Amino acid sequence: MKNLVKTVLWLLLAASLLVSCTQSGSSSANQATGKTVLNIAGDGEIPTADSTNTGNTISSGVLYYVQEGLVRLDPDGNPTPGVAESWEVDETGTIYTFHLREDAYWENGVPVVADDFIFSWQRLADPTFAAVSANQLVLSGIVNSEAILAGELPVTDLGIAAPDEHTIVITLVQPNTYFLKEVGSTIFYPLNREFVTGLGDLYATDAEKHLSNGPFTFEEWDGTGLSWSYVKNEYYWDKDSIYLTQINVEVIKDQGTKVSLYEAGELDSISITGDYFAQYKDDPGLVQVPSLSASNVEIGIAHDQNNFEATANGALVNVNIRKALFYAVDREELITYILEGQGTPAVGIIADGIANNPGTGASIGEDTGNQVYFDGDLAREYWEKGLAELGVTSITLELLTSDSDSAKKVGEYLQNQWQEELPGLIIDYVPVVTSVRFERMMNFDFDLALGGWSGGFDPLSYIEQHNITSAHNHSQYVNPVFNDLVAKIKSEGNDVQARWDDIIAAQQILLDEAVEIPLYSGVSNILVASNLHNVYFRSIGGVTVDYTYAYFSGE
């Protein structure tokens with residue numbers, strides 16, 4: 001299917017974390033004297049391998065290795081050349097011209113050209129395709145994207161043009177400080193028109209039906225399995241800097257099994273949680289990566305605010321029930337005893353540290369104070385009021401999580417905490433495979449779901465996901481005042497202070513309505529074998545752990 005004879009084979013809070021790190025294009029491969037096959041543990045099942053339709057960190061993490069957009073982010077979170085070898089921005093800050101390298105190829109030897117981006121971006125904007133993250137086009141400010149997604153204009157009117165096969169011109173509605181970083185995101189990767197249209201709905205349903213232009217090709221994934229491989233792409237423009245010939249990935253949900261395989265040398269790098277962190281906290285191979293993502297409980301409101309029966313579980317339409325759940329969670333206890341201290345309590349919906357007040361330099365938490373805290377008395381007060389309004393004495397809710405060890409521990413804690421703090425509440429706890437959890441959330445088929453948001457570099461993305469036009473508005477929250485405020489934020493352009501103030505105001509609406517239950521920003525604990533070098537770690541952008549340019553020293 002791929003028409004190829006395959007070769008056998010952070011942005012951090014203050015600075016990047018590196019393990020023997022050198023930059024792309026360095027001589028690191030020449031220092032390598034060890035093995036060339038890396039074995040790692042994956043985070044979960046792959047929900048989709050279609051870059052246009054990604055909306056989760058697992059899929060994005062997989063595709064990071066096998067596809068490449070206009071830019072890549074270096075360990076400090078700065079845009080560096082990807083398929084585009086250079087670019088310039090006009091004096092208005094709204095027109096970006098990207099010049100594509102002539103040595104960029106698909107894994108079948110076909111050149112990557114401007115039409116691959118035109119096709120991919122128009123596919124993303126096509127309302128009939130209904131990509132889960134299509135609204136990022138609007139958030140990024142691409143001309144005509146909002147009208148196209150609304151079905152008012154054809155996709156050919158999207159603000160992306162190709163004067164020739166190695167030049168792309170992108171036009172924004174207004175300047176966007178974050179655009180160069182956003183344009184490297186998974187959903188903006190190119191796609192080969194002939195390959196994708198030839199497969200139709202079968203595109204990317206398994207590894208053989210995927211076409212790579214990144215450092216590696218995608219192999220040995222059957223579409224549902226728990227293992228896959230990345231094989232060095234001999235057509236990649238920077239292939240001489242890639243030392244590894246293959247990366248094998250296996251999803252192992254049991255922490256004990258994963259640790260045993262690492263200790264036996266069968267896995268070269270793994271993530272650990274809970275009790276195992278205490279065991280390895282002094283290990284020289286342990287790297288802790290603070291996360292700027294937000295872990296939360298999403299609430300399946302799915303409602304018309306004037307109709308309690310419009311949801312499968314009408315109780316969650318009631319704001320007092322939602323507030324009771326919100327205040328009944330002891331985040332400090334959760335982090336201390338369940339997460340073994342590996343996390344920071346949420347202070348709001350936006351992850352603290354993602355951005356700062358342009359006028360004062362204050363973080364979200366410093367600007368607004370902590371608005372996310374445990375108060376059992378207040379929780380019960382809201383609970384009793386909600387029960388009275390609903391005319392019931394008990395409520396049963398389903399809690400959905402992934403079935404990894406760490407997710408199940410958090411789920412069990414939430415179940416116990418809510419049932420203990422809120423008399424008459426019954427929590428049916430249902431752990432499922434990650435792909436099922438994601439599918440149910442995208443289909444609005446849940447009451448409560450343990451999720452999270454890695455919103456990229458713009459704090460608006462943490463807020464905008466609750467906009468009625470967003471496919472990630474899993475709760476189906478509806479509030480015209482909130483929607484109008486989000487629209488206003490998108491129009492504020494270079495007025496950075498007004499934009500910040502309105503983002504804070506929009507967050508306040510969501511907190512007052514208890515639209516979600518923020519929990520914490522976590523820490524990834526990564527064990528790396530002593531002979532594995534040149535691994536990058538990021539708090540945001542790309543992948544948490546980047547093995548692209550890794551190499552082994554002699555054993």
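These legends describe close-up views of one predicted model. In this predicted model, local features need pLDDT of at least 70, side-chain atom pairs count only at pLDDT 80 or more, and totals for chains, interfaces and linings use all residues. Residues are numbered from 1 along each chain as its sequence is written, and side-chain values use heavy atoms, with hydrogens and water left out.

**View 1. Helix α2 is mostly covered.** Helices (H or I, at least four residues) and strands (E, at least two) are DSSP runs, numbered from the N terminus. Buried means under 20% relative accessible area, exposed over 50%, and partly exposed in between (1.4 Å probe, protein chains only). Among the buried residues are Ile58, Gly61, Leu63 and Tyr65. The cover includes β3 (71-73), β9 (216-219) and α15 (434-442); here contact means heavy atoms within 4.5 Å. Asparagine 56 caps the N-terminal end of α2. One of its side-chain oxygens lies 3.2 Å from the backbone nitrogen of isoleucine 58.

View 2. A salt bridge is a side-chain nitrogen of Lys or Arg within 4 Å of a carboxyl oxygen of Asp or Glu. Both arginine 72 and glutamate 68 are buried. Tyrosine 64 belongs to an aromatic cluster with Tyr65, Phe216 and Tyr230.

**View 3. Phenylalanine 195 and tyrosine 203 pair edge-to-face.** The whole structure holds 15 aromatic pairs. In this one, the ring centres are 6.2 Å apart and the planes stand at 85 degrees, so the pair is edge-to-face. Rings of Phe, Tyr and Trp (its six-membered ring) pair if their centres lie within 6.5 Å; planes under 30 degrees apart count as stacked, over 60 as edge-to-face and the rest as tilted. Phenylalanine 195 is buried, at 11% relative accessible area. Tyrosine 203 is buried too, at 4%.

**View 4. Lysine 35 and aspartate 268 link distant parts of the chain.** Their closest N and O atoms are 2.8 Å apart, in a salt bridge. Lysine 35 lies in the loop between α1 (28-31) and β2 (37-42). Aspartate 268 lies in the loop between α8 (255-263) and β12 (269-272), and the two are 233 residues apart in the chain. Lysine 35 is partly exposed, at 27% relative accessible area. Aspartate 268 is buried, at 3%. The count for the model is 18 salt bridges.

**View 5. Glutamine 507 sits buried in helix α18.** This helix covers residues 496-512. Glutamine 507 has a relative accessible area of 0%. A polar atom of its side chain lies 2.9 Å from the backbone nitrogen of isoleucine 349. Residues touching glutamine 507 include Gly348, Ile364 and Gln371, not counting residues up to four places away in sequence. The cover of the buried residues of α18 includes α10 (319-327) and α17 (480-490). Just after α18, alanine 514 takes a positive phi of about 50 degrees.

Note on methods
Polar contact = N/O pair within 3.5 Å; in protein donor to acceptor, adjacent residues only side chain to side chain.
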